[in-house]
Amino acid sequence: MAVAPDTAADLVYRIFDLQRVVRCVAAASFRGQDTGVALQGVLRFVGEGESRATHLAERLGVSAPVLSRHIADLEEQGYVIRRQDPDDGRAQLVALSPAGVEKLRHIEEHRAATLQGYLSDWSQEDAEDTARILTRLSDSLKQSARATAAGPITTQAPQEH
């Protein structure tokens, strides 16, 4: 069953509102920290494992020059390390340094505690249901975005000889 246009429009509004609120909460909770919200996002993705900078840029939805500046800032602060990709000397691999691992752990603990405080009137069941629905929504949007980026699948009729 397809989602009705009014429901889709309402979801778009609620998603953008949620993004705005999350940005405001994140900015307020880390005011005065040495890493802003954007750098924290980069740290989180780098923390998932060593990766090429170009792949990180694609996953984050930013341009390579923007990511390069973020990586340089994080490297200067001692949170990431770069090395040449052994499979492609032109490419660089980016990973967290030990200090970066600790910084990411601190950020994630702080964010979880902040959110836990904000949701103090929620039940555990409500939080788990919301996490499940947000995961499903995120997975559906990623899958649709990948399918759109890949373009339509075309089939050619077999040619007769």
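Reply:

**The sheet and its surroundings**

Three strands form an open sheet in the order S1-S3-S2, with antiparallel pairing. Strand S1 (51–52) and strand S2 (80–85) are at the edges; each has a single partner strand, so one side of each lacks a neighbour in the sheet. Helices (H or I, at least four residues) and strands (E, at least two) are DSSP runs numbered from the N terminus, and two strands count as paired if DSSP finds at least two bridges between them.

The model is predicted: local features need pLDDT of at least 70, side-chain atom pairs count only at pLDDT 80 or more, and totals for chains, interfaces and linings use all residues. Residues are numbered from 1 along each chain as its sequence is written, and side-chain values use heavy atoms, with hydrogens and water left out.

S2 pairs with strand S3 (residues 88–96) in the antiparallel sense over six bridges. The two strands form a hairpin with two residues between them. Asp-85 stands opposite Asp-88 in S3, and Val-80 has Leu-96 of S3 as its bridge partner.

Helix H4 (residues 64–76) lies across S2 and S3 and runs at about 120° to S2. Here axes are lines fitted to C-alpha atoms, for helices over the stretch in contact, and angles run from 0 to 180 degrees between N-to-C directions.

H4 also meets H2: their axes come within 10 Å and cross at roughly 85°. The two helices are therefore roughly perpendicular to each other, a class that covers 65 to 115 degrees, with under 35 roughly parallel, over 145 roughly antiparallel and the rest oblique. On the H2 side the contact (heavy atoms within 4.5 Å) is made by Ala-38, Leu-39, Val-42, Leu-43 and Val-46, and on the H4 side by Leu-67, His-70, Ile-71, Asp-73 and Leu-74. These residues divide into eight nonpolar, one polar and one charged; Ala, Val, Leu, Ile, Met, Phe, Trp, Tyr, Cys and Pro count as nonpolar, Asp, Glu, Lys and Arg as charged, and the others, Gly among them, as polar.

Helix H2 (37–46) also takes part in the lining of the largest pocket, where helix H1 (5–29), helix H5 (98–118) and helix H6 (124–150), like H2, each supply at least two residues.
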